[in-house]
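This report covers the nonpolar cores, the charged pairs and a few surface features of one protein model. The sequence and structure come first.

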Amino acid sequence: MGFFDDIAQGFRKLTGCVDEELLATCTLARGELLGMTPSGTTIQVMNGLVERNCTFVVRVLMDRTPPWDVQITQRVQEVLIPQLSRPGVYLAVRVDPADHSRVAIDFASEPPEVTLPESTGPGSAAEILATGKPITVVLVADQALGMTSAKGDPVHALTLTIATGVDTPYQIQVGNAVPASALPLVYPGSKLHARLGAGPNDVVVDWAAGPVKDGA
């Protein structure tokens, strides 16, 4: 990047302008919004909607690529800010394939479905299922995340109550792959076998074990 490119990039960051080349030509990916901080800088062109500079922290998800977090300074229509302040927001983003630090939010596109990379070793779902502590959980809610596992199963955000196998029951939200054969078990109140890894949030539902039978 040359001297004048540095100046242009600095100006875009200051004003919240988007690199149009990045939006037009770079790879479409899925972004999980982790945080947003509105600034005091706004702009209105003619009679258009007021736009405000915001700093976004986004987790970028691309096909079969480990996710990474970036900070993006970009203008957004002020009327959209309440929607973007809610938890669980996913956005379309554009990523420079040669420089993953260059990311812009693409408000004109829908976030694509992506395939997660295969995960193995300590802390992976396979390792937790093989060696984790048996517990039972109760499904409170679920939501498809627009992602699939490396095996092709859709990934859901599962809100679970950890019911037995721990000293004190607690509630968490985790991302788990849900195979097609397990879909009949995905409903509020479903009691399921699961495994607990090293941390309290390291929970993987053991779909192959089926539902918890009454009295178990």
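## Nonpolar cores

The largest nonpolar core contains 20 residues. A nonpolar core here is a set of buried Ala, Val, Leu, Ile, Met, Phe, Trp, Tyr and Cys residues joined through side-chain atoms within 4.5 Å; buried means under 20% relative accessible area, exposed over 50%, and partly exposed in between (1.4 Å probe, protein chains only). Phe-56, Val-58, Val-60, Leu-84, Val-93 and Val-95 have the most contacts inside this core. At least two of its residues come from each of strand 1, strand 2 (51-61), strand 3 (68-77), helix 3 (81-84), strand 4 (90-96) and strand 5 (99-105). These elements are DSSP runs numbered from the N terminus, helices being H or I with at least four residues and strands E with at least two. A second, separate core has 19 residues, among them Leu-158, Val-174, Val-178 and Ala-182. In soluble globular proteins, nonpolar side chains tend to be buried together.

Val-58 touches Gly-31, Glu-32, Leu-33, Trp-68, Asp-69, Val-70, Ile-72 and Val-93, where residues up to four places away in sequence are not counted. Contact means heavy atoms within 4.5 Å.

## Basis of the model

The model is predicted, so local features need pLDDT of at least 70 and side-chain atom pairs count only at pLDDT 80 or more, while totals for chains, interfaces and linings use all residues. Residues are numbered from 1 along each chain as its sequence is written, and side-chain values use heavy atoms, with hydrogens and water left out.

## Salt bridges

The count of salt bridges is five, a salt bridge being a side-chain nitrogen of Lys or Arg within 4 Å of a carboxyl oxygen of Asp or Glu. One of them joins the side chains of Glu-51 and Arg-75 at 2.9 Å, N to O. Glu-51 is in strand 2 and Arg-75 in strand 3, 24 residues apart, and the pair links distant parts of the chain. Glu-51 is partly exposed, at 23% relative accessibility.

Arg-52 pairs with Glu-78, with the closest N and O atoms 2.5 Å apart. This pair also spans distant parts of the chain: Arg-52 belongs to strand 2, and Glu-78 to the loop between strand 3 and helix 3, 26 residues apart. Glu-78 is partly exposed, with a relative accessible area of 28%.

Which residue forms a salt bridge with Asp-106? The partner is Arg-94, at 3.0 Å, N to O. Arg-94 is in strand 4 and Asp-106 in the loop between strand 5 and strand 6, 12 residues apart. Both residues are buried; Asp-106 has a relative accessible area of 9%.

The side chain of Asp-106 also makes a polar contact of 2.8 Å with that of Ser-109. A polar contact is a pair of N or O atoms within 3.5 Å; within protein, one must be able to donate a hydrogen and the other to accept it, and residues adjacent in sequence count only if both atoms are side-chain atoms. Apart from neighbours within four places in sequence, Asp-106 is in contact with Leu-23, Leu-28, Ala-92, Val-93 and Arg-94.

## Surface features

Ile-43, Val-45 and Met-46 make a nonpolar surface patch of about 330 Å². Patches consist of residues with over 30% relative accessible area and no salt bridge, like charges being joined within 9 Å and nonpolar side chains (Val, Leu, Ile, Met, Phe, Trp, Tyr) within 5 Å. Accessible areas come from the Shrake-Rupley method with a 1.4 Å probe, and for residues only the protein chains shown count as cover. Ile-43 lies in strand 1 (residues 27-43) and is partly exposed at 33% relative accessible area.

Arg-64 sits in the loop between strand 2 and strand 3. Its phi is near 50°, a positive value in a residue other than glycine. Arg-64 is exposed, with a relative accessible area of 53%.
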